[in-house]
Amino acid sequence: MITMTQRGRKAATNPGTPLLASLLAPVLALTLAGTALAGEAQHPDPASYGLDPETGVFKHPAEAPYWAYSGPRPFDGSLEELEDATYIKNMTVEGHWPIVVKPGHSWQHTVDMDGHRYMIHYYRHILKIYDITNPKEMEIVLEKTYEDGNWFGAAAIAYNEKLEKWIMIQSFEVPRSIGGLKGKKYDAPEAVKAIKEAEAFRGVRIYEMDSITEWRQIAEISTNTLNPHGKRQEGSGALDVPNYDGGKYAFVAAAPDNTFTNIEYPNYIYSPAQMILDVEDPYNPKWVSTWWVPGQRLGEEEYYKEWRQYGNRVSWTGARLPISTPVPLDEGGRYGYTVMGGLGFHVLDLQDPANPKAVGSVDLPVNVGGVEGDNIDVTRVQSRGIVLANGYPMNEDCYEPYKDIFVIDVKTPEAPEIISVLPRPTPPAEAPYTDFCQRRGKFGPKRPSPFFAPGQADDNLAIYPFNNAGVQVFDISDPKNAEIVAYFTPPMTDDLDDPRSYITPVESIFVEWDRNLIWAMANSGMYLLTSDALGTPQFDLAGIAGN
């Protein structure tokens, strides 16, 4: 049992618009320039980490600074060139297309319309839509590039039974590139000011879909609850994909205003909270409440200074993704789950959505650099009472602590506990190295298939993209003795002199649970995979619910 309860923390919540009068008296501004703070993460002693010549296993640094200060960090035993090899176990490549929307992470979603299944594949400025009804003969039905500061926001799409219409909600945040921050927040007050004052839309836009390629905006609402319709807005805007299931509520990760700035991460100025949006009438959305961990806001320095990450100038302290709800609130669901970066895992009682309450919390081990707590998988809460949670690596060549995937028992919402971690992948015997850290680029988990993937996730299998280790399939039937039962590791591509081209080989996957199909988005293209571990694949939609 690896349980660490949070001490000295009391979750904050606010119904509707934040009550600034009480929270900002007095306001103690976060210093963005000056000398190093106590506890700032340092470059580790080279002798403290590296490849163990006796075991062939890499020992990770105990800590490391922000990735932009690191760059390539090869060590004795690192490959001197990118490996053009593929490794596969208990998996079959059913298709491969040389499609790369973005080297590294991209977003995917599927929609079933008129007897067809479509995949939307995008990252901000680039959008592609495929007809994957017959996945082996995938067809591109739309390709679009957005310009002039516009983009396709991270999207949640669901069928609204009440309206009998497809509704899409997209997230928009202030561009992180404004002002040339470049990881130097603490020494760049002008760049910070430029981000805060940028005249950019910060919030969500709602669309009605007439077809897979045609949609109309029907509403927008800023996450800046102080001034939701003003030209100059505050806060971060909405991060990543909203959580929307077609019902009354949507969930968004966002910093509502410029007081949410107590975040250590040097390349981001906002500390995102969790926000709940009433979309019962999607033409007239309304904010219901905002929840955050005390210390995220200016004026809460008493709590902020108690954080274990206080002053390290590396940790992401705040939300990365919105609250996950295994059962929709308007279908009898009560609990939501979230991990708030380095601020731990939380179980929220949402019986009264206007007053969310943290009823149980557990700390994840301090683990810097990289992102300590990024996402959770709640697809097995109802069936098994467990949640999977992980952060992800930011530094290449394993120049940071390893990012575990934690199994958290939530059967008792008031007392969640970490009961195990999934095993660390190891290379096959035929590989010319003994540890994936030697393969170059990043090594470690990113995000599993999203909660809105079609079908019901397998109770006993967890599937993760693992960067240079490709796609890893874990048997979690006994989570305390999980094992890797299948994998697909594609070739490393591009130019070793250009880390941006190879650093994140496989960061995105999408699983069609109802058809036992795995889509992997790699730097070497898009792969369609099947595995006996997942079950017999179905290459048509016959018999699939809704088709």
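E164 sits in the loop that joins β10 (154-160) to β11 (165-172), where helices (H or I, at least four residues) and strands (E, at least two) are DSSP runs numbered from the N terminus. Although E164 is not a glycine, its phi is positive, at about 55°. This residue, E164, is exposed, with a relative accessible area of 60%; here buried means under 20% relative accessible area, exposed over 50%, and partly exposed in between, with a 1.4 Å probe and protein chains only.

The model is a predicted one, in which local features need pLDDT of at least 70 and side-chain atom pairs count only at pLDDT 80 or more, while totals for chains, interfaces and linings use all residues. Residues are numbered from 1 along each chain as its sequence is written, and side-chain values use heavy atoms, with hydrogens and water left out.

A positive phi is also found at R124, a residue other than glycine, where the angle is near 55°, and R124 lies in the loop between β7 (116-123) and β8 (126-131). Another backbone feature is the cis peptide bond from V368 to G369, with omega near 5°, and G369 belongs to the loop between β20 (357-362) and β21.

The table sets out two pairs of residues by their separation.

| Pair | Apart in sequence | C-alpha to C-alpha |
|---|---|---|
| V506 and A520 | 14 residues | 7.1 Å |
| A200 and I132 | 68 residues | 35 Å |

V506 is part of strand β28 and is buried, with a relative accessible area of 1%. Beyond its neighbours within four places in sequence, V506 is in contact (heavy atoms within 4.5 Å) with P465, F466, N467, G470, V471, P490, M521 and A522. A200, by comparison, is found in the loop between α2 and β12 (203-211), and at 16% relative accessibility it counts as buried. With neighbours within four places in sequence left aside, A200 is in contact with V174, P175 and Q233.

In helix α2 (residues 189-197), the residues A191, V192 and I195 are buried. Seen down the axis of α2, its buried residues fall within an arc of 100°, so they line one face of the helix; the arc is that of the directions from the helix axis to the C-beta atoms.

In soluble globular proteins, nonpolar side chains tend to be buried together. A nonpolar core is a set of buried Ala, Val, Leu, Ile, Met, Phe, Trp, Tyr and Cys residues joined through side-chain atoms within 4.5 Å. The largest such core has 74 residues, and those with the most contacts inside it are I120, Y122, I463 and W519. Strand β29 (residues 517-522) gives the most to this core, with six residues. Residues up to four places away in sequence not being counted, Y122 touches V101, S106, W107, L127, F152, G153, A154, A155 and V241. A second, separate core of 29 residues includes Y49, I386, I405 and I476.

The structure also holds six cavities of 30 Å³ or more, a cavity being a set of points, on a 1 Å grid over the protein atoms alone, where a 1.4 Å probe fits but cannot get out, with lining residues having an atom within 4 Å of a point. The largest cavity contains about 350 Å³ of space. Of the 27 residues that line the largest cavity, the closest to its centre are L321, R447, P448, P450 and F451.

Notes
1 Å grid on protein atoms, 1.4 Å probe; cavity = no way out; pocket = protein on both sides within 12 Å on 5 of 7 lines; lining within 4 Å. Points joined across faces, edges and corners; volume = space filled by probe spheres on them.
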